[in-house]
Amino acid sequence: MASSPGSLAHKAKAQHNFDFVQSLSPTTPRYPDWVVIGSFYTALHCVCACASKIGWKWKKYPSGFTKKISMHTQELRFVQKKFPNLFTYYERLFQECWNARYDPLYLNRISTSMPNDMFRIASMFMTIV
Amino acid sequence: MGQKVKEVSRSTLGCPSSRIDVCGRIVMERVRYARLEEELRRTKEEKEKYRFYFLTLLEKMKSSFCRYLIMQSFENSLRQISQVRSVHLFEEEENTMSFYIFLDKENWEAEEQIYKKYGDLLSDFPEFDIQIRLLRLWDRQTRDLLPSGGEKIFGE
């Protein structure tokens with residue numbers, strides 16, 4: 001199937017994020033939290049690129065509509081359906097990214113291998129686009 | 001952006017949590033069984049019969065009672081993981097239910113189990129918007145990290 005413009009744009013953004021994470025030296029990073037954050041957004045755009053490529057439609061809801069399914073849950077269901085082996089990795093990236101952004105202790109307490117582990121997961125997502 | 005969140009109380013249902021757990025598990029098992037049956041059936045007539053049963057069951061699940069049963073059952077299954085220190089359920093804006101799951105520290109084995117259970121929940125109940133937040137205490141108190149109280153450290 002030919003790539004759609006949306007798919008190509010997401011792929012380019014994923015590559016951009018991936019290059020950014022690589023530039024942070026994920027094995028010995030000075031900014032480990034940003035390695036984690038960049039890794040998640042690499043994966044997110046890979047997922048969006050795949051969804052766009054196959055014409056997957058995300059549900060969008062009018063303002064005030066109460067029975068919504070949030071975008072993250074929709075993304076998770078997409079990953080679960082199309083790439084079941086990557087589901088756990090995607091959710092792990094999401095959780096690490098959330099903690100990296102909001103937990104003030106994150107920098108001091110995460111294991112030294114965590115940033116590179118997340119980068120490796122992002123690399124796996126780069127192979128699906 | 002601030003989020004309106006409210007913690008979902010166990011007393012919402014007005015019945016003991018042990019009973020909720022049992023009922024929740026029965027509902028979940030019935031749904032799984034109905035799906036399995038539907039997949040296995042061959043004839044059109046049988047498919048219709050099971051489809052009706054399945055749809056009726058889903059309709060019932062839409063009720064808030066069943067919803068809370070399922071939530072409670074999932075919560076209890078999380079508590080069975082020994083490394084899980086506590087679990088809190090919040091109803092956030094836009095109808096999203098979020099489980100805040102607390103571990104003492106980074107623990108890939110326990111986290112793997114949580115993701116597996118969460119994945120099963122999402123597959124079994126595609127109509128629900130359920131999310132998890134996996135937090136590490138790192139010597140802090142649970143209440144310090146909950147969106148409903150204490151110093152608001154987390155939140156989008």
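Two residues are taken to be in contact if their C-beta atoms, placed from the backbone, lie within 7 Å. By this criterion, and leaving aside residues up to four places away in sequence, A43(A) touches Y90(A), L93(A), I121(A), A122(A) and F125(A). The structure is a predicted model, in which local features need pLDDT of at least 70 and side-chain atom pairs count only at pLDDT 80 or more, whereas totals for chains, interfaces and linings use all residues. Residues are numbered from 1 along each chain as its sequence is written, with chains lettered from A and ligands numbered from 1 in the order in which they are written.

A43(A), L93(A) and I101(B) touch the most other members of the largest nonpolar core, which holds 57 residues. Such a core is a set of buried Ala, Val, Leu, Ile, Met, Phe, Trp, Tyr and Cys residues joined through C-beta atoms within 7 Å; a residue is buried if 20 or more other C-beta atoms lie within 10 Å of its own. Helix α2 (residues 32–53) of chain A supplies the largest share of this core, 12 residues. Helices (H or I, at least four residues) and strands (E, at least two) are DSSP runs, numbered from the N terminus.

Chain B contains 5 helices and 4 strands, arranged from the N terminus on as β-α-α-α-β-β-α-β-α. Of its 156 residues, 24% count as buried. Among contacts in chain B with a separation of 6 or more, 61% are between residues 24 or more positions apart.

The contact between the chains takes 24 residues from chain A and 21 residues from chain B. On the side of chain B that touches chain A, α4 and β4 (130–136) of chain B are the elements that give two or more residues, and α4(B) gives the most, with 8 residues. The residues of this side comprise 9 nonpolar, 5 polar and 7 charged, where Ala, Val, Leu, Ile, Met, Phe, Trp, Tyr, Cys and Pro count as nonpolar, Asp, Glu, Lys and Arg as charged, and the others, Gly among them, as polar.

Helix α4 (residues 87–102) of chain A packs against helix α4 (residues 108–124) of chain B at an angle of about 115 degrees, with the axes 10 Å apart. The two helices are therefore roughly perpendicular, a term covering angles of 65 to 115 degrees. Axes are lines fitted to C-alpha atoms, for helices over the stretch in contact, and angles run from 0 to 180 degrees between N-to-C directions. F87(A), T88(A), E91(A) and R92(A) of α4(A) make this contact with E111(B), E112(B), Y115(B), K116(B), Y118(B) and G119(B) of α4(B).

Methods
Angles under 35 degrees count as roughly parallel, over 145 as roughly antiparallel, 65 to 115 as roughly perpendicular and the rest as oblique. A residue is buried if 20 or more other C-beta atoms lie within 10 Å of its own, exposed if 12 or fewer, and partly exposed in between; C-beta atoms are placed from the backbone.
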